[in-house]
Amino acid sequence: MSQLKPVLVFFLLALCACTAVSKPLLTPINKGAASTALYTAPLSAGRPLVLDLSAPAVTTPCSSGTTTTVTLSANTTDGANPLSPVSFAATATCAAAPAGAAGVAGLGRSSASFPAQVASTQKVANSFALCLPSDGKTGSSGNGVGAAIFGGGPFYLAPPADREAITTLLSNPVPLRQPFAGNPGYFVTATGGIAIDGSVAAPGPLVVGLSTTVTYTQLRADVYRLVIAAFDRALGQTAKVSAVSPFELCYDSSKLGSSLSGYFVPQVDVLLEGGTNLTVVGGNSMAQVNSGTACFAFLKAASSTGPAVLIGGFQLENKLVVLDNAKQQLSFTGYLPARGFSCSNFNFTT
């Protein structure tokens, strides 16, 4: 019997070690300057990688070849704080880096993407949560620093510490679709179209994509005209001022009124498959272009070949967005400042 004890102890220690390793990874998200508004994470020895929902792989500049091995780093997390640093080897495709970055962390639906490689090396779920920050200049309050967790689990924002995880606020899951063969991006279907102030402005079904490299939501030309006209009618002319490029509808912000949800303007609802609405309130629909002017931050897409709706980073800020590749599902919260949260309030202290 005594000879079995060392074996049992060794087995238990090995089991504990395996359990300890299998924790999600946490990284800060930094919002770039207004000229690019790209979101980056310090994953390459502290150097920034651009987070790109449409890219299929990690990329980095290479002197030769098509792929290379890079060392990436983050912190394990319990969903509320960083726990311990982790470094791991990842396969990267050779490509020029975006200005000011060391490369790209492709988040797309691919076995070579950053989330897939985290799942494989860390033995965690192939799922990730993005909480994109506002810079506090063009939209809602924020300091330009958000958070991302790769590998599932809860997601907490402070203060206070006794609040429930904001993952409890997530919508019902919406199935991911693949309308474009070979495109690694994330797409869902707006079966009900787009509603302005509760009335359908652009009927569905519409293909809806998500982007972290497009600043403002882009609408296919026919959809854009319907949405712009409906928003213009709903808000009226009282506060309207001259357009400020690249926007068509701009307003005297002192006449709009505001709340925790942002300016009092007509609500935009993307009516998704299964009855879930992606709701855009004033905090995500109106861009503050100067001290006295806010503009409706939806643009006409330059091409008609992509999705009818491409949700830009500005409209995703201060929402928790969860993309579960294993289940092929999208979930998201509403606009978090309306509930007293901000993506800039993750507690990065240990």
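**Exercise 1.** What span should the 15 residues of helix α3 have at 1.5 Å a residue, and how far apart are its end C-alpha atoms?

*Solution.* Quick ground rules: this is a predicted model, where local features need pLDDT of at least 70 and side-chain atom pairs 80 or more, while totals for chains, interfaces and linings use all residues. Residues are numbered from 1 along each chain as its sequence is written, and side-chain values use heavy atoms, leaving out hydrogens and water.

Step 1: helices are DSSP runs of H or I, at least four residues, and strands are runs of E, at least two, numbered from the N terminus; α3 covers residues 221–235. Step 2: the expected span is 1.5 Å times one less than the number of residues, so α3 should span 21 Å. Step 3: the end C-alpha atoms are 21 Å apart, which agrees.

**Exercise 2.** Which residues of α3 are buried?

*Solution.* Buried means under 20% relative accessible area, exposed over 50%, partly exposed in between (1.4 Å probe, protein chains only). In α3 that gives Val223, Tyr224, Val227, Ile228, Ala230, Phe231 and Asp232. Phenylalanine 231 has 0% relative accessibility.

**Exercise 3.** How many aromatic pairs does a search of the whole structure find?

*Solution.* Rings of Phe, Tyr and Trp (its six-membered ring) pair if their centres lie within 6.5 Å; planes under 30 degrees apart are stacked, over 60 edge-to-face, the rest tilted. The search turns up 12 pairs. Among them, phenylalanine 114 and phenylalanine 150 sit edge-to-face, 4.8 Å centre to centre with 90 degrees between the planes.
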